[in-house]
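Subject: Structure handover

Hello,

Here is the structure we talked about. Please keep it open while you read the notes below.

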Amino acid sequence: MVEAARARIEEIETEDAIAMMEDADLVFVDIRDIRERQRDGVIPGSFHCPRGMLEFWVDPASPYFKEVFGQDRRFVFHCASGWRSALSAALLQDMGFEAAHLRHGFSDWVRKGGPVESLEPRARG
């Protein structure tokens, strides 16, 4: 499924994505679980959209729609290794939403020296 998705979506190489960091019209969308984000850090300025809410947050007809997805910007989705984000970008393309994804994921971003911010763990209560 991942290979079929990759054959029909736009994939961004890590080095190219790092070079795009200063582009104000680009939004990195992190679909990883909150625990992954807390453990491994995040791309500075990225928007968190849990994978399970993606279709609902992107669809303007949904009561869960997030305004960020209604903006005229370029969206690059990512997960840890590029598998979930490839499937997500293909699904969004099927919904009529233009999206690219970080081909090798956040783990490659870290390996290639992309900037990373730490997240504070949520307080349990």
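Two strands pair if DSSP finds at least two bridges between them. Helices (H or I, at least four residues) and strands (E, at least two) are DSSP runs, numbered from the N terminus. Strands of a sheet pair through backbone hydrogen bonds, either parallel or antiparallel.

Two notes on the source. This is a predicted model, so local features need pLDDT of at least 70 and side-chain atom pairs count only at pLDDT 80 or more, while totals for chains, interfaces and linings use all residues. Residues are numbered from 1 along each chain as its sequence is written, and side-chain values use heavy atoms, with hydrogens and water left out.

**The sheet**

The protein has six helices and five strands. Along the sequence they follow the pattern α-β-α-β-α-β-α-β-α-β-α. The five strands form an open sheet in the order E1-E5-E4-E2-E3, with parallel pairing. Strand E1 (10-12) and E3 are the edge strands, and each pairs on one side only.

E1 is joined to strand E5 (residues 100-102) by three bridges, and the two run parallel. Ile12 has Leu102 as its bridge partner in E5.

**Strand E2**

Now look at E2 (residues 26-30). Five bridges join E2 to strand E4 (residues 74-78), and two bridges join E2 to strand E3 (residues 47-48). Both pairings are parallel. Val29 shows both links: its bridge partner in E4 is Phe77, and it stands opposite Phe47 in E3.

How many residues of E2 are buried? Five of its five are. Buried means under 20% relative accessible area; exposed means over 50%, and partly exposed is in between (1.4 Å probe, protein chains only). In a regular strand the side chains alternate between the two faces of the sheet. In E2, Leu26, Phe28 and Asp30 point one way. Val27 and Val29 point the other way.

E2, helix H3 (residues 34-40) and E3 make a right-handed β-α-β unit. Right-handed means that, with the strands pointing away from the viewer, the path from the first strand over the helix to the second runs clockwise.

Ser85 lies in helix H5 (residues 83-94). Is Ser85 buried or exposed? Ser85 is buried, because its relative accessible area is 0%.

Contact means heavy atoms within 4.5 Å. Not counting residues up to four places away in sequence, Ser85 touches Ile31, Phe77, His78, Cys79, His101 and Leu102.

His78 lies in strand E4. His78 is also buried, with a relative accessible area of 0%. Leaving aside neighbours within four places in sequence, its contacts include Val29, Asp30, Ser85, Leu102 and Phe106.

**The whole protein**

Of the 125 residues, 41% count as buried. The C-alpha atoms fill a box of roughly 40 × 35 × 30 Å, taken along the principal axes. Among contacts between residues at least 6 apart in sequence, 63% join residues at least 24 apart.

Best wishes
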